[in-house]
There are 2 protein chains.
Amino acid sequence: MKALEEKILQDGQVRPGHILKVDSFLNHQIDIEFINEIGKEFHRLFGDRPITKIVTVEASGIGIACITAQYFGVPVVFAKKAQSLNLDGSLYTTKVQSYTHGRVYDVILSKKFLTEDDHVLIIDDFLANGCAVQGLVELIEQAGAVLEGVGIVIEKGFQDGGKTLREKGINLKSLAIIKSMTDTSIEFEEQEI
Amino acid sequence: MKALEEKILQDGQVRPGHILKVDSFLNHQIDIEFINEIGKEFHRLFGDRPITKIVTVEASGIGIACITAQYFGVPVVFAKKAQSLNLDGSLYTTKVQSYTHGRVYDVILSKKFLTEDDHVLIIDDFLANGCAVQGLVELIEQAGAVLEGVGIVIEKGFQDGGKTLREKGINLKSLAIIKSMTDTSIEFEEQEI
């Protein structure tokens, strides 16, 4: 998505440890008008699938998932990190390694909101090593639901997550794939659109 | 908001400890069409104010804030719980007591995204003792921004948060205020609209 690549080049900042900060429009401040363009693009890419639910994981995926869901006319379900007193005992659960936060956390999703009748589109802001998406895929498998696709805003193509998911035959589409990045430059992979 | 009260009566479940579960449409599964009605209502209530940013706190406020922001044409900034490696050192910070999770956590917001030029509408899903909103108010004060209002989806009127905020002169509006609830009934406060 050309407009996204331009936005990353304009507003993104590369930090030590291969961290790309896009917190001015994506995951701290959220540029709602721009996220609507992202939602439209996800609908262009996955709109032919019989999606019944959009699934994401808290926190930074939620806004993007909600805006995107408007184009599909379906609800969002967001998986939660760690057990909350407000959740039922009746949960799908898995464990996810967070490299950003350096720890393992539980990801949970109420059985009420995902069943074998569901056709799911996973939406998330970033894909690096793929642990978060992998965790969501496991929850969807536990539910017996059909995974129709995974839509990612920014994929770090130099990490393994995307490769692993595609090798499993998952219909993964990332709106921008970063081939390499340094303090002074960000290069994107060419994509057919 | 009549439609919200009806939705709570239809889908809400009261659990021990004065917990109202509305996770089928508000804070686990998100009914996007219904949240759009909520967004329109917030715009009806606060649309005459010169809002430049909508501020919320992760995680369950984010979806509501993003959908609502579309009616105001402004960005969302969501405050984060606890220090993340992906955030700048340049932060507004405060501490918030969570009764749901039984602990105190840090809430942070990057100084880049809130300044004295901003006119802020706080949006959140629940108001009970008011600690989360109080924390956001402190961050807004640190920024020197103008707090134009606080929009809450569901206020627990039998807890102190709303009273405390209104006594401070804060322009707080809750779309549904619960006067009392038991296993078998939920009563709402009458509101002028």
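I began with strand 4 (residues 53-57) and strand 8 of chain A, which pair in the parallel sense over three bridges. For pairing I asked for at least two DSSP bridges between two strands. Helices (H or I, at least four residues) and strands (E, at least two) are DSSP runs, numbered from the N terminus.

A note on what I am looking at: this is a predicted model, where local features need pLDDT of at least 70, side-chain atom pairs count only at pLDDT 80 or more, and totals for chains, interfaces and linings use all residues. Residues are numbered from 1 along each chain as its sequence is written, while chains are lettered from A and ligands numbered from 1 in the order in which they are written.

**Around strand 8**

I looked up the partner of A:Val55 and found A:Ile122, in strand 8 of chain A. On to strand 9 (residues 146-156) of chain A: eight bridges join this strand to strand 8, and the two run parallel. There, A:Val120 has A:Leu147 as its bridge partner.

Is strand 8 of chain A mostly covered or uncovered? Covered: eight of the nine residues in 119-127 are buried. I call a residue buried if 20 or more other C-beta atoms, placed from the backbone, lie within 10 Å of its own. Over chain A as a whole, 46% of the 193 residues count as buried.

**Where the chains meet**

Next I turned to the contact, which takes 27 residues from chain A and 27 residues from chain B. Contact means C-beta atoms, placed from the backbone, within 7 Å. Helix 3 of chain A gives the largest share of the side that touches chain B, six residues. That side divides into 14 nonpolar, nine polar and four charged residues. My classes: Ala, Val, Leu, Ile, Met, Phe, Trp, Tyr, Cys and Pro are nonpolar, Asp, Glu, Lys and Arg charged, and the others, Gly among them, polar.

I also found strands pairing between the chains: two bridges join strand 5 of chain A to strand 3 (residues 29-30) of chain B, antiparallel. One partner pair is A:Val76 with B:Ile30.

**Symmetry**

Finally, I checked how the copies relate. A rotation of 180 degrees with 0.0 Å of shift along its axis superposes chain A on chain B (RMSD 0.0 Å). The two copies are thus related as by a two-fold rotation axis. I superposed by least squares on C-alpha atoms of residues with pLDDT of at least 70 in both.

Notes. Buried ≥ 20, exposed ≤ 12 C-beta atoms within 10 Å, placed from the backbone. Contact = placed C-beta atoms within 7 Å.
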